[in-house]
Amino acid sequence: MSSQVTIMNKVVTIDLKKPLPLGKQVYIRVPGKSFKDDNNIHYPGIRDKTTLNFSTPTVPELTATNPEDGATDFTGTNISFTFDRNMSKGTGRISVLDASDDTEIAGAGVASGRVTIADNVVTVNLINALPKNKNVYVNIPASAFKDANNSFFGGVLDKTTLNFSSQSTPTLVSS
């Protein structure tokens, strides 16, 4: 018997030493004669793929944002993220960065009261409107949000996944 397998009160526990991959359909096979009872009768085993199978959790996915990626003339003070499942807070900071020089224009710590979660919708309150005529992008660390299975959202860590522009200053077109 391996040190990864323990038996206590008729319950067999297998320590896998590392997590199963996310988003996979898996099954367990148990070789015949792996276990025996007090009467020395061996367990027949599990040889098929259907007797003991399950799906591992998947990574949460972002399904919508407000503003949408590529939006123009954003005037609000709240940014929202809709996920494919209910989420809870992790750690880190959500940042809105200037696309021209990567400086933070606005942001909020995930643990702060300015980041709220209602089921699968996360809202970040920026407090103030963004400066006019700014092309921006949003950075969400991979540690920011997790689901009920403690699977973390992978984050948004680049300049192209979620970018938009703030309200433009009116331009005189004729007089």
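This is a predicted model: local features need pLDDT of at least 70, side-chain atom pairs count only at pLDDT 80 or more; totals for chains, interfaces and linings use all residues.
**Aromatic pairs**

I began with the rings and counted three aromatic pairs. For this count, rings of Phe, Tyr and Trp (its six-membered ring) pair if their centres lie within 6.5 Å; planes under 30 degrees apart are stacked, over 60 edge-to-face, and the rest tilted. I looked up Phe74 and Phe164: their ring centres are 5.2 Å apart and their planes stand at 70 degrees, so I noted the pair as edge-to-face. Phe74 sits in the loop between strand S5 (62-66) and S6, while Phe164 is in strand S14, so this pair ties together parts 90 residues apart in sequence. Strands here (E, at least two residues) are DSSP runs, numbered from the N terminus. Phe74 and Phe164 are both buried, where buried means under 20% relative accessible area, exposed over 50%, and partly exposed in between (1.4 Å probe, protein chains only).

My next pair was Phe83 and Phe153, also edge-to-face, with 5.0 Å from centre to centre and 80 degrees between the planes. This one links distant parts of the chain too: Phe83 belongs to strand S6 and Phe153 to the loop between strand S13 (145-146) and S14, 70 residues apart. Both Phe83 and Phe153 are buried. I also found that Phe83, Phe145 and Phe153 make up one aromatic cluster.

**A note on the model**

Residues are numbered from 1 along each chain as its sequence is written, and side-chain values use heavy atoms, with hydrogens and water left out.

**The core**

Which residues have the most contacts inside the largest nonpolar core? I found Phe81, Ile94, Val138, Ile140 and Phe145, in a core of 24 residues. Such a core is a set of buried Ala, Val, Leu, Ile, Met, Phe, Trp, Tyr and Cys residues joined through side-chain atoms within 4.5 Å. At least two core residues come from each of S6 (78-83), S8 (93-98), S9 (104-109), S11 (121-125) and S12 (135-139). S6 gives the most, with three residues.

Ser80 is found in strand S6. Is Ser80 buried or exposed? At 15% relative accessibility, I put Ser80 down as buried. Beyond its neighbours within four places in sequence, Ser80 is in contact with Ala64, Thr65, Asn66, Val121, Val122 and Thr123.

Ser165 lies in strand S14 and, at 12% relative accessibility, counts as buried. With the neighbours within four places set aside again, the contacts of Ser165 are Ala71, Thr72, Asp73, Phe74, Lys134 and Asn135.

**Strands side by side**

I traced an open sheet of four strands in the order S9-S8-S12-S14, with antiparallel pairing; two strands pair if DSSP finds at least two bridges between them. Why is one side of S9 and of S14 left without a neighbour in the sheet? S9 and S14 (163-165) stand at the edges, each with a single partner strand. S8 and S9 pair over five bridges, and Val96 stands opposite Ala106 in S9.

Last, I looked at S1 (residues 5-8) and S2 (residues 11-14), which run antiparallel and are joined by four bridges. Val5 has Ile14 in S2 as its bridge partner. S1 and S2 form a hairpin with two residues between them, and Asn9 in the turn has a positive phi of about 50 degrees.

Technical notes:
Contact means heavy atoms within 4.5 Å.
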